[in-house]
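Work through the exercises below with the sequence and the model open. Each task is followed by its solution in steps.

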Amino acid sequence: MTDISLQEGRLAWALADGWTVARRDLIHWANQPMTVVFGVAFPVVITLAFGYLFGGAVKVPEGADYFAFLMPGMYGMTMLFGLSATMIAVTTDASKGVTDRFRSMPMAPSAVLVGRAIADLLHSMLVLAGLLACGLAVGWRPATLPGALGAVCLLLLLRFALLWAGIYLGLLTKDPGGVVAIQTLEFPIGFLSNAFVAPDTMPGWLGAISEWNPLSSTVAAARELFGNPGWGGDSWVAQHAVLMAVLWPLAITAVFFVLSVRLYQRLEV
């Protein structure tokens, strides 16, 4: 058997085992549907609260409807919030010994990580679909279908990158209590972006951080592709939002995928 055939066989083995691990999580969700319902309902409630409580007080770019401006920002924030959800799942499995049991079984070493990534990405797709339906219900509309599909792909690409960050941090902390610190940081990171506030209204150094926030690039690119109003900006990163919305997640994935695999391999059974 050639080296290429061996590599293809190992890849197929890893994917098959990864899907098996992912099915375990899907079965858990089927047995505990309220977990999924809450995951979909929470961003919807937050969106409605922002839209109807603060919409009249916010000056929207180009004088557009507030929901047309708000929804891409909420889509991006929802992808960010998934970071702690992934951490919770990873740390819970580690604290209960599930990860150790998986490692002792005759399965591909990467299956646990791949399975977690598959399951959480599927869950994020469901949450994003629910939020998109909420947006349509309150009057938000994308300009074109191809643009909308492109924006959704960029949002899920960011979520996929943050998946690996969540997996790594979950393996690193091992304690569900450590997730609280990350959950506490999610809102500051989210607000330190262009999701709700224009970076040029912030102090210079803070505005620069906001513009280079990966979430800002994804939100700006989503607004551009959805055809929704945004803050704009004269900086290079603001002018190339779509490009940065691809490069940032690829860079984050490359870093945290390698870190996650190495850390998982060092764990003791």
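**Exercise 1.** In which helix is Thr-218 found? State whether Thr-218 counts as buried or exposed, and list its contacts beyond the sequence neighbourhood.

Solution. The model is a predicted one, and every value below is computed from it.
- Step 1. Thr-218 sits in helix H9.
- Step 2. The relative accessibility of Thr-218 is 0%. Buried means under 20% relative accessible area, so Thr-218 counts as buried.
- Step 3. With neighbours within four places in sequence left aside, Thr-218 is in contact with Leu-154, Leu-155, Leu-158 and Ala-245.
- Step 4. Thr-218 can also be placed relative to Tyr-75: the two are 143 residues apart in sequence, and their C-alpha atoms are 9.6 Å apart in space.

**Exercise 2.** Describe the secondary structure and the overall dimensions of the protein chain. Does the radius of gyration agree or disagree with that of a compact globule?

Solution. 
- Step 1. Count the elements: the protein chain has 11 helices and zero strands. Its pattern along the sequence is therefore written α-α-α-α-α-α-α-α-α-α-α.
- Step 2. Along the principal axes, the C-alpha trace spans about 60 × 40 × 35 Å.
- Step 3. For 269 residues, a compact globule would have a radius of gyration near 18 Å. The protein chain has 20 Å, which agrees.
- Step 4. Of the 269 residues, 46% count as buried.
- Step 5. Take the contacts between residues at least 6 apart in sequence: 82% of them join residues at least 24 apart.

**Exercise 3.** What is the accessible surface of the protein chain, and what share of it belongs to carbon and sulfur atoms? How far apart are the mean positions of the positive and negative charges?

Solution. 
- Step 1. The accessible surface comes to about 13400 Å². Carbon and sulfur atoms account for 69% of that surface.
- Step 2. The protein chain carries 14 positive and 16 negative charges.

**Exercise 4.** Is Thr-253 buried or exposed, and what does Thr-253 touch?

Solution. 
- Step 1. Thr-253 belongs to helix H11 (residues 241-266).
- Step 2. Its relative accessible area is 15%, so Thr-253 is buried.
- Step 3. Beyond four places in sequence, Thr-253 touches Phe-160, Ala-161, Trp-164 and Val-258.

**Exercise 5.** Where is Pro-61, and which residues is Pro-61 in contact with?

Solution. 
- Step 1. Pro-61 lies in the loop between H2 and H3.
- Step 2. Pro-61 is buried, because its relative accessible area is 12%.
- Step 3. Leaving aside neighbours within four places in sequence, Pro-61 is in contact with Phe-69, Pro-229, Gly-230 and Trp-231.
- Step 4. Pro-61 and His-123 are 62 residues apart in sequence, with 32 Å between their C-alpha atoms.

**Exercise 6.** What are the relative accessibilities of Phe-191 and His-240, and where does each residue lie?

Solution. 
- Step 1. Phe-191 is in helix H7 (residues 179-191). At 38% relative accessibility, Phe-191 counts as partly exposed.
- Step 2. Phe-191 touches Phe-50, Phe-196 and Met-202, residues up to four places away in sequence not being counted.
- Step 3. His-240 is in the loop between helix H10 (236-239) and H11. With a relative accessible area of 32%, His-240 is partly exposed.
- Step 4. His-240 and Ala-165 are 75 residues apart along the chain, and their C-alpha atoms are separated by 24 Å.

Terms used: Residues numbered from 1 in each chain as written. Predicted model: local features only at pLDDT ≥ 70, side-chain atom pairs only at ≥ 80, totals over all residues. Heavy atoms only, no water. Helix = DSSP H or I, 4+ residues; strand = E, 2+ residues; numbered from the N terminus. Rg over C-alpha atoms; globule rule 2.2 N^0.38 Å. Buried < 20%, exposed > 50% of the residue type's maximum accessible area, 1.4 Å probe, protein only. Contact = heavy atoms within 4.5 Å. Areas by Shrake-Rupley, 256 points an atom, 1.4 Å probe, with all protein chains shown as cover. Lys, Arg positive; Asp, Glu negative; His and termini not counted. Charge placed at Lys NZ, Arg CZ, Asp CG, Glu CD.
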